[in-house]
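Thank you all for making time this morning. I would like to walk through one structure, chain by chain, and then come to the place where the chains meet.

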Amino acid sequence: MKRQHSRGSETFARQRALLAALSDDLTLPLVQIKTGLELVELENFSKKTVRLQTEAMALSAESGLQLIEAYRLLLRSDQILDMPFEPVAIGAVLEEVAHQLTHYAKQYSTELIVDVQGRFSPVLAHPASLATVLEVLSSSLIRAQASQSQQTNYRLVLGAHRSSEGVIAAGAFSNVHGLSDRSLRAARSLVGQARQPLPAIPPGTASGILVADMLCSALWQPLRASAHRNLGGLATSLPVTKQLQFV
Amino acid sequence: MNVLLIEADRLLAKNIVQAFTGAGHAVQWHVDPQSAITAADVRAPDLIILDFLLSNRSGTEFLYEFRSYPEWANVPAISYSSLSDNELKNYSPSFKQLGVKKVCYKSTTPLSELVDAARQLVLTPAA
C-alpha cells in the first residue's frame, strides 16, 4: 500500500515536472505569435512583409504543436511500449525531419544537414515517436544555438553513427555548448523546479530537450551527449532489428 | 531614443526591434550580454530592455557589471521576461537596486505597451 502510494506520488511529480517544462516551452511560440500579430495590426506593412510575418507565425505555431505531440506521445508511452516496434530506416527518418524543419531553421538562419555515417540495418522503433523526438530535439537545438552567439549563419547536423560499442546512435549535433551527460543529469533532477534547468540554454529552449529526453527514456535509451564529425550534440541509442541483421 | 535590447530568441527580438523602429527609435539587439556591453561602449544606450534568463550569463550578472561603469550607472532598464514579477523578486531580490524601473511580463505585455513604457522612462527619468 505504502509502495503503491509512493509510486503514485512519483508519477504525479513526474507529470507535474513535465507540465512545467511544457508550459515553459509553449510560452515562447505563443509570445512570438502574439507579438507578430500585434505588428501586423499596428504597422503599415507591405503585402510581402505581411506574408513573411504570417509564415513566421505559422512556423511558431507548428513548433508549439510539435511539442504538444511529444507530450501526448509521452503520456501514451506505456501503450506504445506494448505495441510491436517496426523496422525503420534511420536515414529516411532524418531526411523527413530535416524536410519538416527546413523553413523553421531558416527563420533562425540555420542550415540543416543530414549525415548518416555508413550503411545501417534498420533500427527497431515506433516511427512516429522517433520522428517526434528528433524534431523536438532539433528545433530546440536550433533555438539554443542561435541564442548563444550572434552569427549570420548556423549549422545543425541531423546525424546517425555507429558507436564504439556497435550501437546505432541518432541525434542532432551543432555548436551549442553546455550540453554534457553531467548537465543533462542535473537538468533531469531540476526539471519542473528550476526555470533554467540547463544553465547554458534559455528556458524556452531547454524544456524541448528535456521532453525529448523523457520520451527517449520511456521508449529506448535516454539522450546522451555525443559527438558527430567534430560537432557536439545529443543522441539516443536505438536497437537494431535482429531478424534483418541475421538475413 | 537608442535602446539596447538583450533577448535570447531571434524571432521575438525581430518583432521587438520592428515595434521600436516602427515608432522611430533605434535598437541595438544582442543575444549575449558581453557583446551588449561592447556595443554600449560604441554607442551609449538611453535604455536597456533585457530578459533575465539568458544563455551564457544572467541578466542580473549583466546589470551588476553594467552598473559598475559610472557612465551607465543611471541608464534605466526594463525587464521584459517570462519571469513574472513575483518570480523575479525571488530570482533577483536586488533588481530594483540594479536600476530596473519597470517589469514587463512577456505573456501579458503587448509590444505597444513596452514601447510606451520605454518612451516614458526616457522622457521622464524620475518615473
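This is a predicted model: local features need pLDDT of at least 70, side-chain atom pairs count only at pLDDT 80 or more; totals for chains, interfaces and linings use all residues.

Let me begin with chain A, where residues 24 or more positions apart account for 75% of the contacts with a separation of 6 or more, a contact being two residues whose C-beta atoms, placed from the backbone, lie within 7 Å. Residues are numbered from 1 along each chain as its sequence is written, and chains are lettered from A and ligands numbered from 1 in the order in which they are written. The model scores ipTM 0.92 and pTM 0.89.

Chain A holds 8 helices and 7 strands, where helices (H or I, at least four residues) and strands (E, at least two) are DSSP runs numbered from the N terminus. Its radius of gyration is 19 Å, close to the 18 Å that the globule rule gives for 247 residues, so chain A is as compact as a globular protein of that length; the radius is taken over C-alpha atoms, and the rule is 2.2 Å times the number of residues to the power 0.38. Along its principal axes, the C-alpha trace of chain A spans about 65 × 50 × 30 Å. Of the 247 residues in chain A, 42% are buried, and by that I mean that 20 or more other C-beta atoms lie within 10 Å of the residue's own, with exposed meaning 12 or fewer, partly exposed in between, and C-beta atoms placed from the backbone.

Is Leu22(A) buried or exposed? Leu22(A) is buried, with 21 other C-beta atoms within 10 Å. Setting aside neighbours within four places in sequence, Leu22(A) is in contact with Leu67(A), Tyr71(A), Ser207(A) and Val211(A).

Helix H7 of chain A is also worth a look, because 15 of its 17 residues are buried, so H7(A) is largely enclosed by the rest of the structure.

Turning to chain B, we find 5 helices and 5 strands, and from the N terminus on these elements run β-α-β-α-β-α-β-α-β-α. Chain B averages a pLDDT of 89, with 95% of the residues scoring at least 70; pLDDT is the predictor's confidence in each residue, from 0 to 100. Of the 127 residues of chain B, 45% count as buried. Strand S1 of chain B, residues 2-6, is mostly covered, since 4 of its 5 residues are buried. S1(B) pairs with strand S2 of chain B, residues 26-30, in the parallel sense over 5 bridges, and two strands are said to pair if DSSP finds at least two bridges between them. Within that pairing, the bridge partner of Leu5(B) in S2(B) is Trp29(B).

Finally, where do the chains meet? The contact takes 27 residues from chain A and 24 residues from chain B. On the side of chain A that touches chain B, the elements giving two or more residues are H1 (2-42), H2 (47-75), H5 (127-148) and H7 (203-219), and the largest share, 9 residues, comes from H1(A).
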